[in-house]
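Jotting things down as I look them up.

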Amino acid sequence: MAPSAVRRRLEDLTRAYGFTPEQGEQLDALLAVLERDARAPTTVRAPEAAVDAHLADSLVALELEAVGGARTIVDLGSGAGFPGLPVAVALPHCEIRLLESQRRKCAFLENVAAELGIANATVVCERAEAWVPGRAANDVVLARAVGPQPVVLEYAAPLLRLGGILVDWRGRRMPEEEQRAARAARDLGLELGELRPVRPFERARDRHLHVFTKVGETPERFPRRPGMARKRQLGG
């Protein structure tokens, strides 16, 4: 994809989501940071690939009404800032928490948010299991490429208020994992409300947003101590 093609894709996204020119410029600047900063914790740094793999894929969450209307959103395991940073640009009146446990990645996120003037994005350098102030305090949790779905559910459920939603990005459907996740969800006070096929860009295939709603209080035994969600996965 040539630079002019990247520009056209940004313009397409700006029109599709009703962004202002300033928001489009922030997304463009985010691509530029990825390209030039060798510390960016992602292998997809070229704008020609990142405009779709990172920006478009992140912004597809805006198709969900609950995301657009949220006041507090957590990007679980934020990494290089996706989907959290593009969503923060899209929703300037929403408080976005970029939850990341690795300090090197936290430093990158803090620098990017400051450089691009994304004032509504706050970096929380903490493990999900240990983030006590975040418990039962968020409207939406976003999880993209975090881990097996039962693990993601255990990380997310304690952070959601009653009625809040988890949006979990997944590729091709995996029935066995979905069955384990359904059992884990019941233990955590979650329920699968929607499984939405999405196509954030032309070449995207087998992409789905799994949307879980918090329908009951998460039992006090969750979250388990750090590491247990992966070591002894729920729903097995």
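My notes below start with the disulfide search and end with a helix.

**Disulfide search.** This is a predicted model, so I keep that in mind throughout. I searched the whole structure and got 1 disulfide. The partners are cysteine 106 and cysteine 125, with their sulfur atoms 2.5 Å apart. I also looked up the handedness: the link is right-handed, with 100 degrees about the S-S bond.

**Buried or exposed?** I checked both ends of the link. Cysteine 106 has 3% relative accessibility and counts as buried, because the cut-off for buried is under 20%. Cysteine 125 comes out at 25%, which makes it partly exposed.

Cysteine 94 is in no disulfide. The nearest cysteine sulfur belongs to cysteine 106, and that is 19 Å away. I noted cysteine 94 as buried too, with a relative accessible area of 3%.

**Helix H2.** I moved on to H2, residues 21-36, which has 16 residues. From first C-alpha to last I get 23 Å, close to the 22 Å expected at 1.5 Å a residue. Which residues of H2 are buried? My list reads Gln23, Gly24, Gln26, Leu27, Leu30, Leu31, Val33 and Leu34. What covers them includes helix H1 (3-17), helix H3 (47-59), helix H5 (84-90) and H6.

Notes. Residues numbered from 1 in each chain as written. Predicted model: local features only at pLDDT ≥ 70, side-chain atom pairs only at ≥ 80, totals over all residues. Heavy atoms only, no water. Disulfide = S-S within 2.5 Å. Buried < 20%, exposed > 50% of the residue type's maximum accessible area, 1.4 Å probe, protein only. Helix = DSSP H or I, 4+ residues; strand = E, 2+ residues; numbered from the N terminus. Expected span 1.5 Å × (residues − 1). Contact = heavy atoms within 4.5 Å.
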